[in-house]
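Colleague: Hi! Could you walk me through the model you have open?
Modeller: Happy to, here it comes.

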Amino acid sequence: MKFTKKPEPGIKLRKKTMETFSCDNPVNDKFKVPSKVSWNKKTGRTIVEVRGVEIGGPEVVIIAGPCAIESKEQLFETARSVKAGGARILRGGAFKPRSSPYNFQGMGEEGLKLLHDISVETGMPVVTEVMDTRQMDLVASYADMIQIGSRNMQNYPLLREAGMLRKPVLLKRGMMATIEEFLLAAEYILSQGNEQVILCERGIRTFETSTRNTLDLSAVPMLKHLTHLPVIIDPSHGTGLRWMVPSMAKAAVAVGTDGLIVEVHYKPEEALCDGHQSLDIEEFNKMMADLEKIASAVNRKISLT
Ligand code: PEP
Ligand code: MN
């Protein structure tokens, strides 16, 4: 087949749409707003600092911990172990977005207090999810980084509220969101003056049902092409399968992720939430040793101590 005109690479078109936002209202077309999330070679990449830990620099930062904070023993034991294994930031949900209202909903403020205590003991910064604008001040007073989950990626009042914080925000991709919608959600936060945003690909819904979600690893190079913000991968929600997490984590490091957020539980079989996708401590340690090798092969760093 012969082309009369050189086909336009799709990526260029995409990039163009991200440079300015033409709103769907044609009246607004006259007032195109420059995008704050767009990649700009003059200003370079953004490094987000989470209480001393830099995400977006040479290090591939590992965030690990339980899906939900369930008890003092569960959180503290898991936190001490992931720290010893090389995790730099601790995760743990106190307010959980559960599909069923009858499932464990999280420990709320009691969980946040435990998170704070173990953060002081281990020196690890902590990330935890906020689901509601009414909880923003409370969650932000305990967390070093707040997480906006997949289900809330298009909760615009919540995004604006996060934009008014002067704290890092971990924004997870909506399970049915395009890359463009994901970036526009991040733009909501930046538009309010908060530029400390980390994007997290956590799997999207496709026709495939053998995995919980389809982990879109192509989001890493695509997002890095379009935006200056750091990009991390969540292989736990991305697969929903414990045995598959290390493989996808390795692939994510190879493809250039700036970090990983991984669910780890000291006794996954007893977990109240997402046990089937949580690594135990031994599996976490083994994965970390493998990741260190992949990172050095792609000129990045993961330090296990
Ligand atoms: C989580 O990180 O525990 C979580 C609920 O993730 P997501 O919003 O990606 O489902
Ligand atoms: Mn989870």
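Colleague: Are H237 and E263 buried or exposed?
Modeller: H237 is buried, and E263 is buried too. Keep in mind that this is a predicted model.

Colleague: Which residues coordinate the manganese ion (ligand 2)?
Modeller: The manganese ion (ligand 2) is held by C67 through SG, H237 through NE2, E263 through OE and D274 through OD, at 2.1 to 2.4 Å.

Colleague: And what spacing do those donors follow along the chain?
Modeller: The spacing for the manganese ion (ligand 2) reads C-x169-H-x25-E-x10-D. Within that set, H237 sits in helix α8 (residues 235-239) and E263 in strand β12 (residues 259-263), so to speak distant parts of the chain, 26 residues apart.

Colleague: Okay, on to salt bridges. How many turn up in the whole structure?
Modeller: A search of the whole structure gives 15 salt bridges. One of them joins D234 and K172, with their closest N and O atoms 2.7 Å apart.

Colleague: Where do D234 and K172 lie?
Modeller: D234 is in the loop between β11 (231-233) and α8, while K172 belongs to strand β9 (residues 169-172). That pair links distant parts of the chain, 62 residues apart.

Colleague: Why does D234 count as buried?
Modeller: Because its relative accessible area is 0%. K172 is buried as well, since its relative accessible area is 4%, and the cut-off for buried is under 20%.

Colleague: Nice. Which residue does R173 pair with?
Modeller: R173 meets D216 in a salt bridge, at 2.9 Å from N to O. D216 lies in the loop between β10 (197-201) and α7 (219-226), and R173 in the loop between β9 and α6 (179-191), 43 residues apart. Both D216 and R173 are buried.

Colleague: Which residues do salt bridges with shared partners join into one network?
Modeller: K250, K286, D290 and K293.

Colleague: Switching to helices: at what angle do α2 and α3 pack?
Modeller: Helix α2 (residues 72-84) and helix α3 (residues 109-122) pack at about 30°, and their axes are 10 Å apart. The crossing of α2 and α3 is right-handed.

Colleague: Which residues meet there, between α2 and α3?
Modeller: From α2 you have K72, L75, F76, A79, R80 and K83. From α3 come L114, L115, D117, I118, E121 and T122. By class, the contact of α2 with α3 has 6 nonpolar, 1 polar and 5 charged residues.

Colleague: What do the side chains of E121 and R80 form?
Modeller: A salt bridge, at 2.8 Å from N to O. The pair links distant parts of the chain, E121 in helix α3 and R80 in helix α2, 41 residues apart.

Colleague: And why does E121 count as partly exposed?
Modeller: Because its relative accessibility is 44%. R80 counts as partly exposed too, at 35%.

Colleague: Last topic, backbone angles. What is phi for R51?
Modeller: Phi of R51 is near 35°, a positive value in a residue other than glycine. R51 lies in the loop between β3 (48-50) and β4 (53-55), and at 44% relative accessibility R51 counts as partly exposed.

Colleague: What about phi of N299?
Modeller: N299 has a positive phi of about 60°, and N299 is not a glycine either. You will find N299 in the segment after α10 (281-297).

Colleague: Is N299 buried or exposed?
Modeller: N299 is exposed, with a relative accessible area of 72%.

Definitions and conventions
Residues numbered from 1 in each chain as written. Chains lettered and ligands numbered in written order. Predicted model: local features only at pLDDT ≥ 70, side-chain atom pairs only at ≥ 80, totals over all residues. Heavy atoms only, no water. Axes fitted to C-alpha atoms, helices over the stretch in contact; angles between N-to-C directions. Helix = DSSP H or I, 4+ residues; strand = E, 2+ residues; numbered from the N terminus. Left-handed = near helix turned anticlockwise from the far one by under 90°. Contact = heavy atoms within 4.5 Å. Nonpolar A, V, L, I, M, F, W, Y, C, P; charged D, E, K, R; others polar. Donors = N, O, S within 2.8 Å, 3.2 Å for Na, K, Ca; no water. Buried < 20%, exposed > 50% of the residue type's maximum accessible area, 1.4 Å probe, protein only. Salt bridge = Lys/Arg side-chain N within 4 Å of Asp/Glu carboxyl O.
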